[in-house]
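Welcome! Then we can walk through it together.

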Amino acid sequence: MQATQKGAIQEVNDRIMISDEVQVALSSKAPVVALETAVLTHGLPFPDNLETMRKMDGAVRKYGAVPAVVAIRQGQIVVGLEAREWESLLEGAEKCSIRDLGAIVARGQNGGTTVAATAYLAQRAGIRVFATGGIGGVHRGWETSLDVSADLYVLSRCAMTVVCSGAKSILDIPKTLEMLESLGIPVIGYQTDHMPGFYVADTGLNISTRLENVRDVAMMERTMRQLDLSQALLVVQPGPRSVDGAVVEALIAEALKEARAQFVSGKDATPFLLGYLNQRAGAQLKAANIALLEQNASLAAQIAGAFSAV
Ligand code: PSU
Ligand code: MN
């Protein structure tokens, strides 16, 4: 690897560039937290997404870890996108899940990476903890659409700890939990017995394990790796500003009806549904979304710190 000046981007192989700050942290075994960008490029409007990225970055630093924003900048995969580059990414990027990686890189496009693509790239860069809002999962009506997010399959083979507020509320949460179980991905309630529902604090659904502190999460992660289990650990916690479940459900029913009427499917389904919700319930849902992203970044940073300690 070539030496570069501080702050410069360093090339570790032909395809993935790791920023100097992230590289230094990784080589000294300091805590690093990967941050996904599709939730910002496709889940929140500008400039709220820029503000949210600043908040997540700040939350990670506050707990002594180094944030690694993962994105694709004109075909270049970057782990540790610098703050001055955020705005141009958020102004225009493709949604990049695992199957889109090859095309977006080959075409030289900008990409906001989903949970699937971020987990894959972060793992390749040697990062072990990752913060997001909600993972993708089994969509409602999957029986006819077969729409199951690649997030689930990729998490079944990425040895990462992913901190989130459950799966996105537009999904079929009981079926998503079933599939997580089938794929061998443990769902760890952080100080909770139940699955949170993204905007909603509690779905009432039971999950596999409850842990009380970050040290226990680190111990469980270490145990899984000692057993050669390569699945992610999904750490879930309710967001700090949860919304009334009935309000969210009514909006989702409307959004799904509209999506069917407009024949929206495939990779456009999630952004369409979330966009619909954001437009209708605006301020309240947006505030809940931003608050939980920041909270997950904080917890991820503390878990990354505990990894360095156990
Ligand atoms: N959560 C949001 N907005 C989003 C997403 C999550 O509030 O846009 C993104 C995440 O990046 C997640 C992706 O990984 O949607 C899943 O998309 P799909 O269902 O197409 O796999
Ligand atoms: Mn899908």
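Where does ligand 1 sit? Ligand 1 is found in the largest pocket. Keep in mind as you read that this is a predicted model. The points below start with the ligand and then move on to the protein.

**Around the ligand**

- The shell of ligand 1 is made up of 17 residues, and the closest are Glu36, Lys95, Val115, Ser149 and Asp151.
- By kind, the residues of this shell divide into five nonpolar, eight polar and four charged.
- Two helices, α2 (38-41) and α12 (269-309), each give at least two residues to the shell around ligand 1.
- Of these, α12 provides three residues, which is the largest share of the shell.

**Oxygen atoms of the ligand and their partners**

- In glutamate 36, an N or O atom of the side chain is 2.7 Å from an oxygen atom of ligand 1.
- Lysine 95 also has a side-chain N or O atom that is 2.7 Å from an oxygen atom of ligand 1.
- For aspartate 151, the distance from a side-chain N or O atom to an oxygen atom of ligand 1 is 2.7 Å.
- On its own, ligand 1 has 480 Å² of accessible area, and the protein covers 96% of it.

**Salt bridges**

- Side chains of opposite charge can pair when their charged atoms come close.
- Across the whole structure, a search finds 14 salt bridges.
- One of them joins glutamate 85 to arginine 73, with the closest N and O atoms 2.6 Å apart.
- Arginine 73 belongs to strand β4 (residues 66-73) and glutamate 85 to the loop between β5 (76-79) and α4 (86-91), so this pair ties together parts that are 12 residues apart in sequence.

**Two backbone details to look for**

- Which kind of peptide bond leads from phenylalanine 46 to proline 47? This bond is cis, with omega near 5 degrees.
- You can find proline 47 in the loop between α2 and α3 (48-62).
- Aspartate 228 has a positive phi of about 60 degrees, although aspartate 228 is not a glycine.
- Look for aspartate 228 in the loop that runs between α10 (214-226) and β12 (233-236).

Notes: Residues numbered from 1 in each chain as written. Chains lettered and ligands numbered in written order. Predicted model: local features only at pLDDT ≥ 70, side-chain atom pairs only at ≥ 80, totals over all residues. Heavy atoms only, no water. Near = heavy atom within 4 Å. Polar contact = N/O pair within 3.5 Å; in protein donor to acceptor, adjacent residues only side chain to side chain. Areas by Shrake-Rupley, 256 points an atom, 1.4 Å probe, with all protein chains shown as cover. 1 Å grid on protein atoms, 1.4 Å probe; cavity = no way out; pocket = protein on both sides within 12 Å on 5 of 7 lines; lining within 4 Å. Sits in = over half its atoms within 2 Å of the grid points. Helix = DSSP H or I, 4+ residues; strand = E, 2+ residues; numbered from the N terminus. Nonpolar A, V, L, I, M, F, W, Y, C, P; charged D, E, K, R; others polar. Salt bridge = Lys/Arg side-chain N within 4 Å of Asp/Glu carboxyl O.
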